[in-house]
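Subject: Structure for your files, with notes

Hello,

Here is the structure we talked about handing over. Please open it alongside this email.

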Amino acid sequence: MSSQMFDPEEFFDLAHALCAEDSRVLAARLTRARVRTSFGRAYYGLYLLVRAAVSARHGIPSRRLDHGKVYTHLQSSRLRSDARALGRYLQHLYSLRRTADYELDPGGLWDAKLADQELALKTVVEARRFARTIPDLDFTPVAHLLRS
């Protein structure tokens with residue numbers, strides 16, 4: 001039995017596979033389930049990478065870095081614009097994930113979003129792009145807020 005730590009980037013691979021071209025041959029009735037799941041995996045891949053980076057750099061136990069605290073404080077004006085953009089995107093993904101996971105009939109524009117395979121694929125690409133920026137981001141200006 002291996003005790004190797006899970007790599008959150010695997011969630012990006014799964015999210016992409018769920019909506020990739022070759023997955024489209026699956027039954028049409030599964031399309032919404034795949035898209036909804038893809039949004040969730042894209043969110044968790046990015047969130048877990050951010051949480052791990054903040055925890056490692058600032059000695060904050062990862063369990064103390066809950067979703068709202070992370071994306072809210074990453075939008076602080078104390079941070080550079082690239083870190084704030086990450087915070088905004090993380091909040092956007094959280095909203096997609098939360099709606100996809102909890103709303104059976106969200107109505108309106110949400111119905112279209114939650115069935116849009118192309119949007120899901122673009123979301124994964126963007127989440128990966130933000131993930132690549134994490135090593136260069138400085139979270140120090142908000143580390144004290146994330147500790148509380």
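Predicted model: local features only at pLDDT ≥ 70, side-chain atom pairs only at ≥ 80, totals over all residues.

Core

The largest nonpolar core has 42 residues, and those touching the most other members are Leu46, Val50, Leu74, Leu86, Ile134 and Phe139. Two or more residues of this core come from each of helix H1 (9–19), helix H2 (31–58), helix H3 (67–73), helix H4 (81–102), helix H6 (117–133) and helix H7 (140–147). The most come from H2, which gives 11 residues.

Leaving out residues up to four places away in sequence, Leu74 touches Val50, Leu79, Ala83, Arg84, Leu86, Gly87, Phe139 and Val142. Val50, Leu86 and Phe139 in that list are also among the core residues that touch the most other members.

Pocket

The volume of the largest pocket is about 190 Å³. Its lining consists of Met5, Phe6, Pro8, Leu48, Leu49, Arg51, Ala52, Ser55, Ala56 and Ser62. Sorted by class, this lining has 7 nonpolar, 2 polar and 1 charged residues.

Salt bridges

The whole structure contains 4 salt bridges. Three of them are described here, starting with the pair Arg128 and Asp13, whose side chains meet at 2.7 Å, N to O. This pair links distant parts of the chain, with Arg128 in helix H6 and Asp13 in helix H1, 115 residues apart. Arg128 is partly exposed, at a relative accessible area of 24%. Asp13 is also partly exposed, with 41% relative accessibility.

A second salt bridge joins Asp101 and Arg97, with 3.0 Å between the closest N and O atoms. Both residues belong to helix H4, where Asp101 and Arg97 are 4 residues apart, about one turn of the helix. Which of the two partners is buried and which is partly exposed? Arg97 has 5% relative accessibility and counts as buried, whereas Asp101 has 41% and counts as partly exposed. The cut-off for buried is under 20% relative accessible area, so Arg97 at 5% falls in that class.

In the third, Glu126 pairs with Arg129, and their closest N and O atoms are 2.8 Å apart. Glu126 and Arg129 are 3 residues apart in helix H6, so about one helical turn separates them. Glu126 counts as partly exposed at 25% relative accessibility, and Arg129 is partly exposed as well, with a relative accessible area of 35%.

Single residues

Arg97 comes up again for its contacts. Apart from residues up to four places away in sequence, Arg97 touches Phe39, Gly40, Tyr43, Tyr44 and Tyr102.

Gln91 is another residue of helix H4. Gln91 is partly exposed, having a relative accessible area of 34%. Not counting residues up to four places away in sequence, its contacts are Tyr71 and Gln75.

His58 sits in helix H2. Is His58 buried or exposed? With 14% relative accessibility, His58 counts as buried, because buried means under 20%. Beyond its neighbours within four places in sequence, His58 is in contact with Phe139, Thr140, Ala143 and Arg147.

Ser148 lies in the segment after H7. Its relative accessibility is 57%, and Ser148 counts as exposed. What does Ser148 contact, leaving aside its neighbours within four places in sequence? The residues in contact with Ser148 are Arg64 and Lys69. Ser148 and Asp13 are 135 residues apart in sequence, and their C-alpha atoms are 33 Å apart in space.

Regards

Methods:
Residues numbered from 1 in each chain as written. Heavy atoms only, no water. 1 Å grid on protein atoms, 1.4 Å probe; cavity = no way out; pocket = protein on both sides within 12 Å on 5 of 7 lines; lining within 4 Å. Points joined across faces, edges and corners; volume = space filled by probe spheres on them. Nonpolar A, V, L, I, M, F, W, Y, C, P; charged D, E, K, R; others polar. Core = buried A, V, L, I, M, F, W, Y, C linked by side-chain atoms within 4.5 Å. Buried < 20%, exposed > 50% of the residue type's maximum accessible area, 1.4 Å probe, protein only. Contact = heavy atoms within 4.5 Å.
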